[in-house]
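Please read the following notes alongside the sequence and the coordinates. They take up a sheet, a helix pair and a chain contact in turn.

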Amino acid sequence: MSSLSVPIYMDYSSTTPVDERVAEKMMTCLTRQGDFGNPSSRSHPFGWAADELVEEARKNVAELLGADPREIVWTSGATESDNLAIKGAAHFNVRRGKHIVTLKTEHKAVLDTCRQLEKEGFEVTYLDPLADGLLDFDAFEKALRDDTTVVSIMHVNNEIGVIQDIPRIGRMCRERGIVFHVDAAQSPGKIAIDVDEMNVDLMSLCAHKVYGPKGIGALYVRRKPRVRVEAQIHGGGHERGMRSGTLATHQIVGMGEAFRIARDEMASENVRLRMLRDRLIEGFSDMEEIFINGDMDQRIAGNLNISFNFVEGESLIMSMKDIAVSSGSACTSASLEPSYVLRALGRSDELAHSSIRFTIGRYTTEEEIDFTIRQTRAAVEKLRDLSPLWDMHKEGIDLDSVQWAAH
Amino acid sequence: MAYSDKVLDHYENPRNVGVLDKDDPNVGTGMVGAPACGDVMRLQIKVNDAGIIEDAKFKTYGCGSAIASSSLVTEMVKGKTLDEVAAIRNKDIAGELALPPVKIHCSVLAEDAIAAAIADIRAKRGETAAEPAVAAAS
């Protein structure tokens, strides 16, 4: 009998469970028997012990990036790191210029931070990606101006999993003296990161996408050549003045351990994930009217974002009740707009409404993949039987030619 | 997102899914919504000589609440006259299904679908100058 436990988790890009090894290490930093001291307490062993653990974790994070530990600033997560990086660099460089360039497919933490800066009088160019989700280098080059001070482009996109050509972007920024920020929340454990090869000045990271706890992240801040950011949170001057606040030893230790494991296990994990992901694609390959969103080559191994035409995403997820996924459908977001990422790719609203994002991870099994294929196929079939659009498609009606009576 | 039991019931066991012959003079067809909005409902009603709706069928592209709203509507209209059915308001549908505020628009669309189906049957019978709800280029 199968050992399958439902619901099956297929939403690893949203968050991950904490690895047992990570949780164990974290727990040693909590109670009286553990290392509960304040890492900033320079005067007694409680503080020294906690500080030592923090520095070990810092080293683990730095190693995954090919960075120096002194270049790692602890934050509460990638969102805070994005805020610190973009606002911090924009404000520090305000005398050189007030123009920022980014992509429409960035995470809200970047886009909304840019909107805030616009309110403060900065100018932001939001570039359209190419249809496969990759940066349009011609448009990018044209967008860079003499007064551009910050560029922010994510490494791996959270919705479609595409990987941007960061080294090339970094070179272009370096040539022009522009600070280059990369949101790499989705990267650790999935693809290699080398901040020097990538010509990156600032990089946002978090733990909870790579089997670490939620509520802890980091910002990589380059020392050579020196990159400066204005602090957004003031107080005791922690993290070389860049981010005040008592360091949460247990959280930091968790992130450090998660990053250490990621570095060790990434290669073998990717082989496994690619095999499983390809098995999932294979399971749908004979279906009509399905579209994979985003470039298939420049993509992380564990992501499949797929649109099932003529079926709406929220109803599909409702039908796939034993599988946890996310959708690019409007109904599943708080607003009634479809995924802005899929729209930026040029996907029609219909295909954006019909998309499902499957992201697999460390604990995904072949059995889970097969179950997912079965249940997804059955759901799509059932909903197509219910769909007037499917009927019209079968009758050969071109839906683009129809005049809809929308309300 | 938490769905009410009624919505789940209609979604799992939708009533009256299917098609009626749209060329039948006794059948009124209403299609409302747009794929770009993520909601398209097609409601069809078959009206007998006594003016009573004896059958209704639907097909819907949309979320669980949209499917439930249109399924419920097919139940609500059977056995009623056109005038009685024209009095159905979206809040009746939303209330019966316990739709949350963000899903009220699904019940509004269902109400529009009824109106469109009624307008179509009336136009076929020459009863009013109302235009059919959808002008398909076929």
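1. In strand 5 of chain A, which residue is the bridge partner of A:V101? The partner is A:V151, and strand 3 (residues 99–103) and strand 5 (residues 148–152) of chain A pair in the parallel sense over four bridges, where pairing requires that DSSP finds at least two bridges between two strands. Strands (E, at least two residues) and helices (H or I, at least four) are DSSP runs, numbered from the N terminus.

2. This is a predicted model, in which local features need pLDDT of at least 70 and side-chain atom pairs count only at pLDDT 80 or more, while totals for chains, interfaces and linings use all residues. Residues are numbered from 1 along each chain as its sequence is written, and chains are lettered from A and ligands numbered from 1 in the order in which they are written.

3. Seven strands of chain A form an open sheet with mixed pairing, in the order 2-8-7-6-5-3-4. Strand 2 (72–75) and strand 4 (123–127) of chain A each have a single partner strand, so one side of each is left without a neighbour in the sheet.

4. The axes of helix 1 (residues 20–27) and helix 7 (residues 249–284) of chain A come within 8 Å and cross at roughly 150 degrees; axes are lines fitted to C-alpha atoms, for helices over the stretch in contact, and angles run from 0 to 180 degrees between N-to-C directions. Helix 1 of chain A is therefore roughly antiparallel to helix 7 of chain A (angles over 145 degrees count as such).

5. The contact between the chains takes 30 residues from chain B and 26 residues from chain A, with residues in contact if their C-beta atoms, placed from the backbone, lie within 7 Å.

Definitions and conventions
Two residues are in contact if their C-beta atoms, placed from the backbone, lie within 7 Å. Angles under 35 degrees count as roughly parallel, over 145 as roughly antiparallel, 65 to 115 as roughly perpendicular and the rest as oblique.
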